[in-house]
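Reader: I would like to go through this structure by question and answer. Please begin with the terms needed for its aromatic residues.

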Amino acid sequence: MKKLLLPGAVFLLTGCPGPMDPVRVELPAQVTLVNNKVCILVPAEEGERIFSVQIGSEAEQEMLKTFGDPASQPRAVKGECLPTYGFEFKRGNSYAAYYSLEKTTMEKGRLFAARFTLSQDADGRLKILQQNQR
């Protein structure tokens with residue numbers, strides 16, 4: 001019985017999120033096409049910078065980029081496309097993109113998410129089908 005007490009206590013104290021654990025809320029990002037390229041937009045606030053970017057697809061493409069040093073963090077500007085860092089979006093695939101923005105290292109940042117499918121219409125033009133956010 002004593003052998004199970006310590007591992008059980010450790011599991012209960014560390015394994016599950018509780019009411020005081022911070023949970024980041026996903027805010028919706030918008031996706032559009034600009035010059036036939038994917039453009040991800042967020043309502044960035046003055047002074048917000050990109051802390052991390054994660055983009056992935058159902059075709060197992062994945063890109064993760066973080067900027068730990070505040071001096072290297074790119075600015076996020078409301079109404080301007082966020083950088084995708086050369087990620088290759090291909091028609092017929094579904095994608096999820098996550099951008100973590102922060103003003104300072106002391107403030108809680110915001111997480112923006114976009115889920116979408118890139119397809120092609122009958123005239124050969126690319127189009128975006130934005131999926132419902134969770």
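Author: Rings of Phe, Tyr and Trp count as a pair if their centres lie within 6.5 Å. The model discussed here is a predicted one.

Reader: Are the rings of Phe 87 and Tyr 95 stacked or edge-to-face?
Author: A pair of aromatic rings is described by the distance of the centres and the angle of the planes. The centres of Phe 87 and Tyr 95 are 5.9 Å apart, and their planes meet at 85°. Planes over 60 degrees apart count as edge-to-face. Because the angle here is 85°, the pair of Phe 87 and Tyr 95 is edge-to-face.

Reader: Is Tyr 95 buried or exposed?
Author: A residue counts as buried under 20% relative accessible area. Phe 87 is buried at 11%. Tyr 95 has a relative accessible area of 3%, so Tyr 95 is buried.

Reader: Which ring does the charged end of Lys 65 sit over?
Author: For Lys, the atom that counts is NZ, which must be within 6 Å of the ring centre. The charged end of Lys 65 is 5.5 Å from the centre of the ring in question. That ring belongs to Tyr 85.

Reader: In what order do the elements of the chain run?
Author: The chain has one helix and eight strands. Read from the N terminus, the order is α-β-β-β-β-β-β-β-β.

Reader: How many bridges join S4 to strand S5?
Author: Strand S4, residues 49-57, pairs with strand S6, residues 94-102, in the antiparallel sense over eight bridges. In that pairing Gln 54 stands opposite Tyr 98. The number of bridges that join S4 to S5 is five.

Reader: Which residue takes a positive phi in the hairpin of S4 and S5?
Author: The hairpin has four residues between its strands. The phi in question is near 65°. The residue that takes this angle is Glu 60.

Reader: Is Glu 62 buried or exposed?
Author: Glu 62 lies in strand S5. Leaving aside neighbours within four places in sequence, Glu 62 is in contact with Gln 54, Ile 55, Gly 56 and Phe 87. The cut-off for exposed is over 50% relative accessible area. At 61%, Glu 62 is therefore exposed.

Reader: Which residues does the disulfide join?
Author: A search of the whole structure finds one disulfide. The distance from S to S is 1.9 Å. The residues joined are Cys 39 and Cys 81.

Reader: How many residues apart are Cys 39 and Cys 81?
Author: Cys 39 is in strand S3, residues 37-41, whereas Cys 81 is in the loop between S5 and S6. The pair thus links distant parts of the chain, with a separation of 42 residues.

Reader: What is the relative accessible area of Cys 81?
Author: Cys 39 is buried because its relative accessibility is 1%. Cys 81 is partly exposed, with a relative accessible area of 39%.

Definitions and conventions. Residues are numbered from 1 along each chain as its sequence is written. This is a predicted model: local features need pLDDT of at least 70, side-chain atom pairs count only at pLDDT 80 or more; totals for chains, interfaces and linings use all residues. Side-chain values use heavy atoms; hydrogens and water are left out. Helices (H or I, at least four residues) and strands (E, at least two) are DSSP runs, numbered from the N terminus. Two strands pair if DSSP finds at least two bridges between them. Buried means under 20% relative accessible area, exposed over 50%, partly exposed in between (1.4 Å probe, protein chains only). Contact means heavy atoms within 4.5 Å. A disulfide is a pair of cysteine sulfur atoms within 2.5 Å. Rings of Phe, Tyr and Trp (its six-membered ring) pair if their centres lie within 6.5 Å; planes under 30 degrees apart count as stacked, over 60 as edge-to-face and the rest as tilted. A charge sits over a ring if NZ of Lys or CZ of Arg is within 6 Å of the ring centre and within 35 degrees of the ring normal.
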